[in-house]
Amino acid sequence: TQWKNDAGASGVCGEPTCDADGNFILTNGGSVTLGPKHITGYLELDNNSTLTVSGTIWVDGEIKLSNGCDVALGSGYGANSGVIITDSKVTISNNCTFSGSGDPASYIMLLTAKNSLAEEIMTIDNNSTGVIYYAGKGRIKFSNNAAAKEATAYGITMDNNAILTYESGLANLAFTS
């Protein structure tokens, strides 16, 4: 709740950053720095687009990241980690990468607050790497060489060469918004 409050304190994403329906869409190699911000629609990155997270981002709708997208924390995070939160589903595919601020102790956590214990509310596919996933009230499915730094969920399904690599020190991360 505090992360959502922090994201919302800077206001709702409006035009021109988000469309008239509150959706944040970045495609075709675009690059944007965003945060803290509340996105009332969905968040979509596609076709080699780059999102630099400068503060907590809260998304009401689905998060869809695909086709070579890159999500990184801004350098201002230093050794701290950051979070992107959604109240809906997350789909990540086709070589999307995530990175911290440049400090080896910095990570991005992608968190879904959707409550659906029997449903796969996060789907991670096709060589996507480098993030902490949290789906405490649902299931995460990894497939086709997808990898994660850490995953927490009600349930996890792993298919087709998926890799879950827990790094030492993750238990002591400092998240900031």
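**Figure 1. Cys-69 and Cys-96 are both buried in this predicted model.** A disulfide joins Cys-69 to Cys-96, with an S to S distance of 2.2 Å. The torsion about the S-S bond of Cys-69 and Cys-96 is about 120 degrees, so this disulfide is right-handed. Cys-69 lies in the loop between strand 7 (63-65) and strand 8 (70-73), and Cys-96 in the loop between strand 10 (90-92) and strand 11 (97-99), so the pair ties together parts that are 27 residues apart in sequence.

**Figure 2. Cys-13 and Cys-18 form a disulfide.** The sulfur atoms of Cys-13 and Cys-18 are 2.0 Å apart. The link is right-handed, with 100 degrees about the S-S bond. Cys-13 and Cys-18 are both buried. Two disulfides are found when the whole structure is searched; with the bonded cysteines of the protein numbered in sequence order, the pairing is 1-2, 3-4.

Figure 3. Most residues other than glycine have a negative phi, and most peptide bonds are trans. Pro-16 is placed in the loop between helix 1 (2-9) and strand 1 (24-26). Pro-36 belongs to the loop between strand 2 (31-34) and strand 3 (37-39).

**Figure 4. Ser-143 is a buried residue of strand 14.** Strand 14 spans residues 132-143 and includes Ser-143. With a relative accessible area of 7%, Ser-143 falls under the 20% limit and therefore counts as buried. When neighbours within four places in sequence are left aside, Ser-143 is in contact with Ile-124, Asp-125, Asn-126, Asp-159, Asn-160 and Ala-162.

**Figure 5. Asn-126 and Asn-144 have positive phi values.** Phi of Asn-126 is near 55 degrees, a positive value in a residue other than glycine. Asn-126 is located in the loop between strand 13 (120-125) and strand 14, and is among the residues in contact with Ser-143. Asn-126 counts as partly exposed because its relative accessibility is 22%. Asn-144, also not a glycine, has a phi of about 50 degrees. The loop between strand 14 and strand 15 (147-148) contains Asn-144, which is partly exposed at 28% relative accessibility.

Technical notes:
Residues numbered from 1 in each chain as written. Predicted model: local features only at pLDDT ≥ 70, side-chain atom pairs only at ≥ 80, totals over all residues. Heavy atoms only, no water. Helix = DSSP H or I, 4+ residues; strand = E, 2+ residues; numbered from the N terminus. Buried < 20%, exposed > 50% of the residue type's maximum accessible area, 1.4 Å probe, protein only. Contact = heavy atoms within 4.5 Å. Disulfide = S-S within 2.5 Å.
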